[in-house]
Amino acid sequence: MKSLNNQELATLLQGAKTIEADGSGLKVAQLEGGDFLKLFRRRRWLSTALWAPPARRFADNARNLLALGIGAPKVTELLQLPQRQSAVRYQPLPGQTLRAHWAALNAIQRAEQVEQFGAFLGLLHEKGLYFRSLHLGNVLRLPDDGFGLIDLSDMFISARALTDGKRQRNLKHMLRYADDANWLLQQHQADWLNGYAQTASKQAADKLARALHKMQAVHSGDN
Ligand SMILES: Nc1ncnc2c1ncn2[C@@H]1O[C@H](COP(=O)(O)OP(=O)(O)OP(=O)(O)O)[C@@H](O)[C@H]1O
Ligand SMILES: [Mg+2]
């Protein structure tokens, strides 16, 4: 792990493009050579830690995903920044987020993509992978038609398939986002579940389908 001072950070960011920023500053930048730099701010509860763990977790998770044959960015460097911030430098995956990609499709094209995404998620769940930041802005459609995950700091990989409760909780993360909920619960629920049933165990797929129907009822009641 390399430490950078303010001067060195400024030099690294020369000519960089802002990808994401919020009120407190830069979150993701694309450096001049094309690499991405994702910055993690110190959290209060970590204030005594010398090393802020999210960058390290990101790197570990990316390595584990690649070992499982799942698309993930290739991490090239972990950096310790001033004010106990940390950063991870990685080569971006090619492609678009599903949220952006699906928005540009018609309903027939999207139905097919949603089904494929359902199969992908079923596979992740069977492999014991719990991606806490699961939503359609954190999953990429790769040019070879596969999927890739980004935003990897919060993820757990266990040796067993996920429990039914974890599968449901994972899905609920996604349904907090209006576009995602509209596609997965309203417009393409059957396509999504068909895909999921292709890779998940029958029992788990049936249980999730029932839970999803209930969630849909709640969502419709909200509107
Ligand atoms: N590996 C990558 N390949 C291509 N694009 C990426 C990659 N990583 C990030 N991006 C783009 O940058 C955007 C932001 O990245 P990321 O999801 O890591 O941060 P964030 O959404 O700002 O963080 P958080 O979700 O923690 O608030 C993504 O929506 C995506 O468009
Ligand atoms: Mg994100």
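Predicted model: local features only at pLDDT ≥ 70, side-chain atom pairs only at ≥ 80, totals over all residues.

Trainee: How do you find empty space to begin with?

Mentor: Rolling a probe the size of a water molecule over the atoms shows where empty space remains. Here, the largest pocket holds about 850 Å³ of space.

Trainee: Which residues lie nearest the centre of the largest pocket?

Mentor: Lys27, Val28, Lys38, Asn138 and Asp151 do, out of 26 lining residues. Sorted by class, the lining has twelve nonpolar, six polar and eight charged residues.

Trainee: Which element gives the most to that lining?

Mentor: That's β4, with four residues. At least two residues each come from β2 (17-22), β3 (25-30), β4 (36-40) and α2 (53-67).

Trainee: And where does the largest pocket lie relative to domain 1 and domain 2?

Mentor: It lies between them, because domain 1 (2-91) and domain 2 (96-222) both give residues to the lining.

Trainee: Now the ligand. Which residues are closest to ligand 1?

Mentor: Ligand 1 is surrounded by 16 residues, and the closest are Lys27, Lys38, Tyr90, Asn138 and Asp151. For polar contacts, look at N and O atoms within 3.5 Å of each other. Asp151 has a polar side-chain atom 2.4 Å from an oxygen atom of ligand 1, and Lys38 has one 3.0 Å from an oxygen atom of the ligand. With Leu93, a backbone N or O atom lies 3.0 Å from a nitrogen atom of ligand 1. On its own, ligand 1 has 610 Å² of accessible area, and the protein covers 76% of that.

Trainee: What about the backbone: is phi of Asp151 positive or negative?

Mentor: Positive, near 65 degrees, and Asp151 isn't a glycine. Asp151 sits in the loop between β10 and β11 (155-157). Asp145, also not a glycine, has a positive phi of about 80 degrees; look for Asp145 in the loop between β9 (139-141) and β10 (147-149).

Key. Residues numbered from 1 in each chain as written. Chains lettered and ligands numbered in written order. Heavy atoms only, no water. 1 Å grid on protein atoms, 1.4 Å probe; cavity = no way out; pocket = protein on both sides within 12 Å on 5 of 7 lines; lining within 4 Å. Points joined across faces, edges and corners; volume = space filled by probe spheres on them. Nonpolar A, V, L, I, M, F, W, Y, C, P; charged D, E, K, R; others polar. Domains from an automatic or database assignment. Near = heavy atom within 4 Å. Polar contact = N/O pair within 3.5 Å; in protein donor to acceptor, adjacent residues only side chain to side chain. Areas by Shrake-Rupley, 256 points an atom, 1.4 Å probe, with all protein chains shown as cover.
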